[in-house]
Amino acid sequence: MLTAHQIQETLNNHDPLFLEELAHKSATLTRQYFGRTMSLFAPLYLSNYCSSHCTYCGFNSRNRIQRLKLTAEQMQAEMKHVAKTGIKNILLLTGESYKATPLSYLREAVSIAKQYFTGISLEVHPMETHEYAELFKEGVDGITVYQETYDRKRYKEVHISGKKSDYDFRYGTPQRAAQAGIRHVAIGILLGLSDVAQDLFGLYAHLRHLEKNHPGVEYSVSFPRLRTIKGRKFALCHVNDRMFIKILCLTRIQFPRVGITLSTRETPALRDHALELGFTRMSAGSNTSVGGYTIKKADEQDPQFDIEDSRTVSEIVQRLKEKNFDPVFTDWRPIENDLSIVSKPHAACGSSVSSVDKTSL
Amino acid sequence: MNPETTLKTESILDEPLMIAGKSFTNRFLLGTGKFKNKTDLKDSIEFSGTQIVTVALRRIDLERHQENILEYIPANITLLTNTSGARNAQEAIRIARIAREAGYGDWIKIEVINDSKYLLPDNQETIKATEVLAKEGFIVLPYVSPDLYVARDLVKAGAAAVMPLGSLIGSNQGLKAKEFIKILIEEIDIPIIVDAGIGTPSHAAQAMEIGADAVLANTAVATAGHPALLAKAFYLAVQAGRLGYLSQLPPRRNLAVASSPLTGFLYNQ
């Protein structure tokens, strides 16, 4: 694995020819392992109640926004709407409130989602293994949980209060999900929160640790750039397009088979170019507000972050086809999940989470 | 040249490939993943003349008729549904049953992969799934790392063929496992179909020359600039390799053998 210093050197190399070479390598590996396919998914926000105070997030507990939690009927309406666009992979999101959106609420959401979608992922508050096991049995295939930054000091500064301020609990979350049988685990960093090279090093170390201990899980990574929220800025360091693409290519070269997700935070122009270079999954037709698809009018919405690519699913599909990509809607067929899969950490590489965590920083 | 001495390929005797009592004249199998569009897939099937294609159950989208992969596979082709995504025997068994219930037939390629980095098959779990599914009447073609003991167990478990990997799936590295595949060809009496890692037509020809019964390719074709052309090339290479095998290729020697230095004295008296 690359050292933090080597990552830094790569990021510091501003020679356009060097970037072009990285891009070629990255594109070639991506085509070899994924072909010209692009998996599509859509986010669906269930609730914006949150008990954590994260300085950069539109849902943070101190923000005076209208708090909203979808009822079962509202979920039906929202899900039906998204399903009509052809989307089969859904990412259900909430703010991080253990009280407002407890396990029972999430299970109900999943049981409704099963009527409309073949792949169900959650991006919600971190939980314990047995809770993930229950969700897995209910039909959850994927868990998304970003560490946001692997710089402990910075982590503490931007996650001021609430459960999310517990760095170690969050770090161990992907592993707990994997232990519970979850098929797909997505991790990531928010670019702009801290030093990029250190954060990438932390992300790669986290991923290697997970790959060794839970090899059967399909991993994907994402490195969204911090966005404005209703126009307000939060980024602490600037990550320009060249740097963003360099990060993409470097990640692909390090992890040829790992999924890399491209967010609607990026502009259509950048997304269209970046398709060729290493991304394998993208959100489409996204709305980042609770009830944003059918319930709330645009001017009444409180988004988690502003999106840049507001093209509809069919517009994205058309664009993908123009660019010679096969849009993939279905990449999983729900089978009755049971706990026969629960993986045990491998003895040879069973280092504890905290020890890896220390060496990675 | 005397027309009578012209070699006619039609006159070469080759038996069809038999799998579970069904006969196939084309020994090239095609996978359907990673194609940039369905037209390329359709053309590749047509150009290669393949008679067996694999489709991942997870990628079949029943509700989208226009983009449903099955719409692009002619009805006379044997559909070999694969259990891609299964991480243990239980999951592979469930996927196979779903495929049967959905009407995709009984031909199942078992893929049990519990390693997302190398995508190497889990041989033990594959044997377990084979045993259960063969008893349920499935035609089971298990995908495994080439290992003699595993192959023997698969025969006992009721496999219809064994599909050893040539090298890591999607790697285009060719026949890295050649010596181990040769052992399976020697010792196992059900068809040996080399799967995974076949990146070029010459790799496919090589597999057939050593006596494999058939070859499956996917990534190389799907990601080529002109998939249908490569599909055709694979078909021809598989045929060429097969003829090479049937011709009983002369053995390779490491030294030029001009005379008989060790035994010549016997004839020089």
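Biologist: Which elements of chain A have the lowest and the highest mean pLDDT?

Modeller: Bear in mind that this is a predicted model, so confidence is the place to begin, with pLDDT as the predictor's own score for each residue. Chain A averages a pLDDT of 86, and 90% of the residues score at least 70. Among the elements of chain A, helix H13 (residues 353-359) has the lowest mean, 39, whereas strand E7 (residues 184-188) has the highest, 97. Over residues 345-361 of chain A the pLDDT is below 50, and this stretch has 24 contacts in the model beyond near neighbours in sequence.

Biologist: Why is strand E1 of chain A described as largely enclosed?

Modeller: Eleven of the eleven residues of strand E1 (residues 37-47) of chain A are buried, so the rest of the structure largely encloses this strand. E1(A) runs parallel to strand E3 (residues 89-94) of chain A, to which five bridges join it, and in that pairing A:Pro43 stands opposite A:Leu91. E1(A) also pairs in the parallel sense with strand E10 (residues 281-283) of chain A over three bridges, where A:Leu40 stands opposite A:Met282.

Biologist: How should I read a helix, and which residues of helix H5 of chain A are buried?

Modeller: The general idea is that an α-helix has 3.6 residues a turn, so residues three or four places apart point the same way. In helix H5 (residues 129-138) of chain A, the buried residues are A:Tyr132, A:Ala133, A:Leu135 and A:Phe136. Seen down the axis of H5(A), these fall within an arc of 165 degrees, so they line one face of the helix. They pack against helix H4 (103-113), strand E4 (119-123), strand E5 (142-144) and helix H8 (173-179) of chain A.

Biologist: How many residues does the largest nonpolar core have?

Modeller: That core has 90 residues, and A:Leu44, A:Ile90, A:Leu92, A:Ile182 and A:Val185 have the most contacts inside it. Its largest share, eight residues, comes from helix H9 (residues 196-213) of chain A. A second, separate core of 79 residues includes B:Ile69, B:Ile108, B:Ala160 and B:Leu175.

Biologist: How many residues does the contact take from each chain?

Modeller: The contact takes 28 residues from chain A and 26 residues from chain B. On the side of chain B that touches chain A, H2(B) gives the most, with five residues, and the residues of that side divide into eleven charged, ten polar and five nonpolar.

Note on methods: Residues are numbered from 1 along each chain as its sequence is written. Chains are lettered from A and ligands numbered from 1 in the order in which they are written. This is a predicted model: local features need pLDDT of at least 70, side-chain atom pairs count only at pLDDT 80 or more; totals for chains, interfaces and linings use all residues. A nonpolar core is a set of buried Ala, Val, Leu, Ile, Met, Phe, Trp, Tyr and Cys residues joined through C-beta atoms within 7 Å. A residue is buried if 20 or more other C-beta atoms lie within 10 Å of its own, exposed if 12 or fewer, and partly exposed in between; C-beta atoms are placed from the backbone. Helices (H or I, at least four residues) and strands (E, at least two) are DSSP runs, numbered from the N terminus. pLDDT is the predictor's confidence in each residue, from 0 to 100. Two residues are in contact if their C-beta atoms, placed from the backbone, lie within 7 Å. Ala, Val, Leu, Ile, Met, Phe, Trp, Tyr, Cys and Pro count as nonpolar, Asp, Glu, Lys and Arg as charged, and the others, Gly among them, as polar. The arc is that of the directions from the helix axis to the C-beta atoms. Two strands pair if DSSP finds at least two bridges between them.
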